[in-house]
Amino acid sequence: MSPKTLPSDIEIAQKAKLLPIEKVASKLDLGKDEYEPYGHHIAKVRLSAIEKRKNKPDGNLILVTAMTPTPMGEGKTLTTIGLAQALTKLGLKTLVAIREPSMGPVFGIKGGAAGGGNSQVVPMENINLHFTGDLHALTSATNLLAALIDNHIHFGNALDIDLKYVLWNRAMDMNERALRNVVVALGGTTNGVPRADAFDITVASETMAIFCLASDVPDLKKRLGNILVAYNRKGEPVTADKLKVHGAMAVLLRDALQPNLVQTLEGVPAFVHGGPFANIAHGCNSLIATRLALKTADYVVTEAGFGADLGAEKFFDIKCRAGNLKPRATVLVATMRALRWHGGAARDEVLKPNLDAVKRGIVNLEKHIENIGKFGVPCVVALNRFTQDTDEEIKWVLSHVKGLGAEIALSEVWEKGGEGGLDLGRSVMEATKKKSKFSPIYDVKESIPDKINKIATAIYGASGVEISPAAKKMIARLESFGLDKLPVCMAKTQYSLTDNPKVLGRPTDFTIQVPRIRPSAGAGFLVALTGEIMTMPGLPRVPCAEAIDLDDKGRIKGLF
């Protein structure tokens, strides 16, 4: 590929000629009574569309994941979108199902989550910012529950909530380290009862997890009611239904629960719905959108956040289990810069050719290929090509991966759109013809420590797990509540297979530290926090927000 400089993502998106949303909906055979337009190029699809198609067979579900990423990201969403465009060019009825971006990374360091180059979902400005208001609704629902907790305490605390054990955090969809730990209700008795509190970024909240795992409105309400918000002074659980707030929370989420329909730059239909982070949550788009996609397309390309040790593991062990999904193939995204990074190249050197570093870093990709195999799902490696990559490096990686017995295809969807993913598309088509022997990595009936240990040893490659006394105490409490048979959601750094972001490659002989365990009873899983992971990120020294602006004509610039 000759070194080519494309316009910025936003410039490409702003020049694109979008199909009217009615034409996009018609590609999925959606009737006009089954969706509600939000302007000319966005629509909400009514939940009745799922019920109407419940007896239709499912299409082929394809997961896109990645090797352990660099801080710049490896183009996983880009590959998801480009692959869907390629499959469409190959004559298949295809749909993209991905997550909604959070404004935390948009204004922080990583940027948005609408793809890039000639493989984007559009209108990208709307999608990366307020979109249809789903994340605002989720933020409001989360804070409504927080407000009712403090209101209940203020007016007598009939449930005898222990102020030292209020578990529910407030939320904001922005990176804000100053809100990680706060004190509320200062300023006198009329302002409530002072207590320690905290904020999560909205995409790490249990409300988001519930939203993305709920199957319908009744299930949503049940899950919201099951939220464990606090303990009383006897150590007994206090749930959201005891505060009689879950119905009002569901009202705030009513419209948000409907999947968002948009399109790719090549007019391929796309559901962009729900957006939990994969390093501190379960990292997959909504189950409702995925189920609807499987009923309206023959091939559904979805993604799970960050590396396969996080997003893919949670997709298989949590989402597929909850939704009885049967993935047919997995695409594992690799880049030369990530291989160089894991081979010891410095951050300012990862874009420069370095075959020796690539050879050293390949061990990280090898581990992820092995991990996908442990779930019994056919795997295709997508080598996402950058303009700086050399033919020598590419030839070596293609040969090495094939020598492992794995399928690999070069992907050039950033520059060429669907045309650049045809080889990848053909490989994926062949993979879906193989028999998938999918099964989760653990049985939910196993003990909490056993489930954590199995993920840490089998997927991360750890030699063991060290669970803190505080976490062990929480495990005993969860066992007494009958919550120990839930899946486990590991909260871990995305930059390493270990719980230390500085340890790269494929480390061995390390221990995963689990200082805390947090119940997400409404979502239906337990969160094991490892290392120093936080549920409210901070902004970098130079955040992306500094480059984003509005010109005199009202056009957004600097948004990637």
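Start with the lining of the largest cavity in this predicted model: its residues divide into five nonpolar, four polar and three charged. Here Ala, Val, Leu, Ile, Met, Phe, Trp, Tyr, Cys and Pro count as nonpolar, Asp, Glu, Lys and Arg as charged, and the others, Gly among them, as polar. Select T142, L167, W168, N169, D200, A204, S205, E206, L228, R518, P519 and S520 to show that lining. Strand β23 (residues 516–520) gives the most to the lining, with three residues.

On a 1 Å grid over the protein atoms alone, a cavity is a set of points where a 1.4 Å probe fits but cannot get out; a pocket is an open set with protein on both sides within 12 Å along at least five of seven lines; lining residues have an atom within 4 Å of a point. Grid points are joined across faces, edges and corners, and a volume is the space filled by probe spheres set on the points. Helices (H or I, at least four residues) and strands (E, at least two) are DSSP runs, numbered from the N terminus.

Residues are numbered from 1 along each chain as its sequence is written. Local features need pLDDT of at least 70 and side-chain atom pairs pLDDT 80 or more, while totals for chains, interfaces and linings use all residues, and side-chain values use heavy atoms, leaving out hydrogens and water.

The structure holds three cavities of 30 Å³ or more. Of its 13 lining residues, select E100, P101, L129, H130 and L135, the closest to its centre. Helix α7 (residues 134–154) supplies the largest share of this lining, three residues.

Now centre on V166, L167, N169, R516 and R518, which lie nearest the centre of the second largest pocket, lined by 31 residues. This pocket has a volume of about 870 Å³. Colour its lining by class: 19 nonpolar, three polar and nine charged. Helix α19 (469–481) gives the most, with five residues.

Finally, select helix α9 (residues 217–225) and helix α10 (residues 246–253), whose axes come within 9 Å and cross at roughly 130°. That angle makes α9 oblique to α10. Axes are lines fitted to C-alpha atoms, for helices over the stretch in contact, and angles run from 0 to 180 degrees between N-to-C directions. Angles under 35 degrees count as roughly parallel, over 145 as roughly antiparallel, 65 to 115 as roughly perpendicular and the rest as oblique. Show L220, K221, L224 and G225 in α9, which meet H246, M249, A250 and L253 in α10 (contact means heavy atoms within 4.5 Å).
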